[in-house]
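The following exercises concern a single protein chain.

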Amino acid sequence: MSYLEDEESDGGSGARSQLESYIFSCELSSEAPFYNFQGDEEEDLEHFLELRTICLGEGAKEENNVVEVTAMNHQGRKISVPVANLNISCLPMVSLGEFELVAPVTLRLKSGSGPVTISGLHLIASENDEESEASDDDDDDDDSEEEMPSIKPAKKKQKL
């Protein structure tokens, strides 16, 4: 699955941003308790992980399964946050909406034995020169593709 979108850059330098979207999934268990999401080392690409759902898999035990995410906060410091506490009898799945994180990201099964499946989107943003995109400027009449919202930092939610 790939979704492409061109956006005008805010810098006014004549560059355009292209966004590609791919489906993402990983499984955490006692045998594989963590997953590292890394982007390519290319300078002109930015990688984002948009988490959508976390759910218990077949064979999950009657225990709490806590999933923790480690990523950079707004100050550039690594921070670890539990994002789900799943139990097969009362909360086997949680929907995170559009929880976006900038690579690198580590997903960890902090407690429990799983299996826990985490799914979402792998977003790749790249900068293109306007000259190479000039031929596409005349094709603005194509309304068949839906517009994807711009990438925003993850919102912090307060505990109630």
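**Exercise 1.** Does Arg52 count as buried, partly exposed or exposed, and at what relative accessibility?

Solution. The model is predicted, so that local features need pLDDT of at least 70 and side-chain atom pairs count only at pLDDT 80 or more, while totals for chains, interfaces and linings use all residues. Residues are numbered from 1 along each chain as its sequence is written, and side-chain values use heavy atoms, with hydrogens and water left out.

Step 1. Buried means under 20% relative accessible area, exposed over 50%, and partly exposed in between, with a 1.4 Å probe and protein chains only.
Step 2. Arg52 counts as partly exposed because its relative accessibility is 32%.
Step 3. Arg52 and Glu50 join their side chains in a salt bridge of 2.4 Å, N to O; a salt bridge requires a side-chain nitrogen of Lys or Arg within 4 Å of a carboxyl oxygen of Asp or Glu.
Step 4. Glu50 is buried, since its relative accessible area is 3%.

**Exercise 2.** Describe the order and pairing of the open sheet of 4 strands.

Solution. 
Step 1. Strands (E, at least two residues) and helices (H or I, at least four residues) are DSSP runs, numbered from the N terminus.
Step 2. The open sheet has the order 3-8-5-6 and antiparallel pairing, where two strands pair if DSSP finds at least two bridges between them.
Step 3. Strand 3 (34-37) and strand 6 (78-86) are at the edges; each has a single partner strand, so one side of each lacks a neighbour in the sheet.
Step 4. From one strand to the next, the twist averages 20°, with axes taken as lines fitted to C-alpha atoms, for helices over the stretch in contact, and angles running from 0 to 180 degrees between N-to-C directions.
Step 5. Strand 5 (residues 65-72) runs antiparallel to strand 8, and 5 bridges join them.

**Exercise 3.** Which residues are linked with Glu68 in a network of salt bridges?

Solution. 
Step 1. The bridge partner of Glu68 in strand 8 is Arg108. These two residues also form a salt bridge, with the closest N and O atoms 3.0 Å apart.
Step 2. This pair links distant parts of the chain, Glu68 in strand 5 and Arg108 in strand 8 being 40 residues apart.
Step 3. Glu68 forms a salt bridge with Lys110 as well, the closest N and O atoms lying 3.4 Å apart. Because Glu68 belongs to strand 5 and Lys110 to strand 8, this pair ties together parts 42 residues apart in sequence.
Step 4. Glu68 is buried at 7% relative accessibility, whereas Arg108 at 34% and Lys110 at 49% are partly exposed.
Step 5. The network therefore comprises Glu68, Arg108 and Lys110, and side chains of opposite charge can pair when their charged atoms come close.

**Exercise 4.** Where is Ser113 placed, and which residues does Ser113 touch?

Solution. 
Step 1. Ser113 is in the loop between strand 8 and strand 9, and counts as buried at 17% relative accessibility.
Step 2. Apart from residues up to four places away in sequence, Ser113 touches Ser29, Ser30, Lys61, Glu63 and Asn65, contact meaning heavy atoms within 4.5 Å.
Step 3. Pro115 is placed in that loop between strand 8 and strand 9 (116-129), and the peptide bond from Gly114 to Pro115 is cis, with omega near 0°.
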